[in-house]
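Student: I have a chain to look over before the next group meeting. Can we go through it in questions and answers?

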Amino acid sequence: MKAPNWLLDLLFPPKCPFCARVLDRPGVCAACEKTLPWTEERDSLWELPGALRCAAPLWYRDGARQGLLRLKFRGAPGAAEPLGALAAQCAAERLSGEFDTVTWVPVSKKRRRSRGYDQAELLARAACRRWDTAPVRLLEKTRDNPAQSGLRDAAARWENVRDVYRAVDPRAVEDRRILLVDDICTTGATLCQCAAVLRRAGAAEVVCAAAARTPPDQSDAPEEGAF
């Protein structure tokens, strides 16, 4: 039997993902909404290697960085709901009409057991709730490689994700126009590798959305507490 919503709200009240302030309903508090590092229109959609386009509503710094750290490393899966909603809004504005299927960049089985959830899957599910649909699991990670966030330079990030993803069922990918969701885009190595797998499996198109993108001048900085 599911607990009623009022009881869940009492036991686990919604919080702003960026400052952890308790809210009346899921979302972003007014103070953070004013001060978040929003990407401007020219920066909210950009091209990664291989002509892969990605949209993101936030720069990965300041409050946005704290919100994503809570989601990834501090056991706050509830942060995915408002973060996914922001990613959905940005994708709808910048990539409207370019996808008919949503999937996500998966973590390894080991990392999912350790963390208790897959943060990109939660973001994708939160985004899809805005569109009255559900994401489809199209990819899986074949081995538990070191976390991208702990690697300093771009070359190491690209090598780290080489040949670590595969299509779960190529028949489910064929002719689909896919939105690939992840939490943070830094060099784009992970998104590009996953997109390449989907394209080889027969995807008609792949575009990407992330909750935040790392500023270009910070793309070589390792993440604190990464695992």
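This is a predicted model: local features need pLDDT of at least 70, side-chain atom pairs count only at pLDDT 80 or more; totals for chains, interfaces and linings use all residues.

Student: How many disulfides does a search of the whole structure find?

Tutor: Take C192, which is in no disulfide; its nearest cysteine sulfur, in C208, is 7.1 Å away. For C208, the closest cysteine sulfur is that of C54, at 5.1 Å, too far for a bond. A disulfide needs the two sulfurs within 2.5 Å. Over the whole structure, the number of disulfides found is 0.

Student: Is C192 buried or exposed?

Tutor: The cut-off for buried is under 20% relative accessible area. C192 has 10% relative accessibility, so the term that applies is buried.

Student: Which side chain of opposite charge is nearest to D118?

Tutor: D118 lies in the loop between α5 (109-115) and α6 (119-129). D118 is buried yet has no salt bridge. A salt bridge requires the charged atoms within 4 Å. The nearest side chain of opposite charge is 4.4 Å away, and belongs to R112.

Student: Which side chain does the side chain of D118 join in a polar contact of 3.4 Å?

Tutor: The D118 side chain also reaches a backbone nitrogen, that of A120, at 3.0 Å. Beyond its neighbours within four places in sequence, D118 touches residues including V105, P106 and V107. The side chain at 3.4 Å is that of W104.

Student: What share of the 227 residues in the chain is buried?

Tutor: The chain has 9 helices and 8 strands. Its accessible surface is about 11,500 Å². Buried residues make up 51%.

Terms used. Residues are numbered from 1 along each chain as its sequence is written. Side-chain values use heavy atoms; hydrogens and water are left out. Helices (H or I, at least four residues) and strands (E, at least two) are DSSP runs, numbered from the N terminus. Buried means under 20% relative accessible area, exposed over 50%, partly exposed in between (1.4 Å probe, protein chains only). Accessible areas come from the Shrake-Rupley method with a 1.4 Å probe; for residues, only the protein chains shown count as cover. Lys and Arg count as positive and Asp and Glu as negative; His and the chain ends are not counted. A polar contact is a pair of N or O atoms within 3.5 Å; within protein, one must be able to donate a hydrogen and the other to accept it, and residues adjacent in sequence count only if both atoms are side-chain atoms. Contact means heavy atoms within 4.5 Å.
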